[in-house]
Amino acid sequence: MRTVDLIHRKRDGEELSVEEIAYLIDGYTGGGIPDYQMSAFLMAVFFAGMTDREVSALTDRMIQSGASVDLSAVPGVKVDKHSTGGVGDKTSLIAAPLAAAAGVAVPMISGRALGHTGGTLDKLESIPGFRTNLSVDEFRAQLIQHGLAFIGQSPEIAPADGKVYSLRDATATVESIPLIASSIMSKKMAVGLDALVLDVKVGSGAFMKKQVDARRLAQMMVGIGRRLDKRVQALITDMNQPLGYAIGNALEVMEVSQTLQNAGPADLTRLSLELAARMIHLGKVAATLEEAREVAQTKLLDGSGYRKLKEVIAAQGGNPQVVDRFELLPNATGAREIASPRAGYVSGIEAEYIGLASAMIGAGRDTKDDTIDPAVGVILEVKIGQKVDAGAVLCRLYYTNEEHVEEAAQLVEDAFRISSGPPEERALILEVVG
Ligand code: URA
């Protein structure tokens, strides 16, 4: 078998066999296939797509690229949650502690910033001392003791996804339904989960711009889960404006803390509660979804979700005081205000532009080896529907290095649409699949 022939055939829209896909994944993970050939293959998949059979084969091989983590020693139903990627999307850091506080075991395996979207691991690593590179034994022990542990891909867990994920980020091959589905499901299924709640984002700040594509992605992932005997449920949710007000790693940790103290933005609180409720329901802590919603709400109001987050930060080597004393988090040194050019209503906030601007000043990566600046990002002062005066501050850009600030400020300015009348209201949760 020759890699170039497989690239050629995929480029021409042919279906590859299980063996051919295994050859590519094993070769790339083992170092025999170089980045430039894998990049070409990914671009071919981006344009030509994959059949369901190919996606299953790809997911299976990515799972097999590492060890399957045995969590049978962890009591309770194991439920994880994952988002397909958004801007200001920090729901994992809120829903997971709420579900864990309710008694669900949450083995959370997360990703890093990808394209214009943020990543849970990068957000967590903005907390001084926080370790996401737990060994499998540490991960299991923490789950038994605290009911929640955060980890990323490692040489042990779905290493193929780790390598392919960062290559996609640097080669403009992120927004592909089969690549997203196999990426998410391989790392999720490598950990011994019983059930999974997915948040499939749709809109300007999501990888899927159209609801029909988001639905197809959701159905593909639910189907992969079903084939592997796991209960998977997907919410399709709106990402036409950033979620909450904060975009950027440490800034988002601050907003997570506020939200877990019931002082967070309405949209972020609502979606996090719904995701937590679905985790609690699939985790069999509550018999009905209605009951699970009440449990999630209680865990928010009585502060037990907030305390669980602090407990887990300490367990993973981080300083738990950061959630009370934000000055202990990395802080930006410069700020730039973006003002409204006219009076009117905010009728659009192009989430992708905000995500790109934030990545440009250091919250994301240009190449797979770039480091993140945890302090930088954007804080919105308004949301869609709000009335503003001419000159009102729409958002602030926080930076530590002046280099790309002009360009980023222009992008952020272009992100806002101000209209004379109020825009139509949009639903946050659009559909449930599975
Ligand atoms: N999250 C992932 O884990 N993978 C993707 O490809 C997109 C979002």
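Reader: What counts as a pocket here?
Author: On a 1 Å grid over the protein atoms alone, a pocket is an open set of points where a 1.4 Å probe fits, with protein on both sides within 12 Å along at least five of seven lines; lining residues have an atom within 4 Å of a point. The model is predicted, so local features need pLDDT of at least 70 and side-chain atom pairs count only at pLDDT 80 or more, while totals for chains, interfaces and linings use all residues. Residues are numbered from 1 along each chain as its sequence is written, and side-chain values use heavy atoms, with hydrogens and water left out.

Reader: How much space lies in the largest pocket?
Author: About 570 Å³, as the space filled by probe spheres set on the points, which are joined across faces, edges and corners.

Reader: Which residues lie nearest its centre?
Author: Asp238, Gln241, Ile384, Glu425 and Arg426, out of 25 lining residues.

Reader: And how do the residues of that lining divide?
Author: Into 10 nonpolar, 6 polar and 9 charged. Ala, Val, Leu, Ile, Met, Phe, Trp, Tyr, Cys and Pro count as nonpolar, Asp, Glu, Lys and Arg as charged, and the others, Gly among them, as polar.

Reader: Second largest pocket, what volume?
Author: About 420 Å³. Of its 21 lining residues, Arg112, Gln153, Gly162, Lys163 and Ser166 are the closest to the centre.

Reader: Which element gives the largest share of that lining?
Author: α8, with 6 residues. Helices (H or I, at least four residues) and strands (E, at least two) are DSSP runs, numbered from the N terminus.
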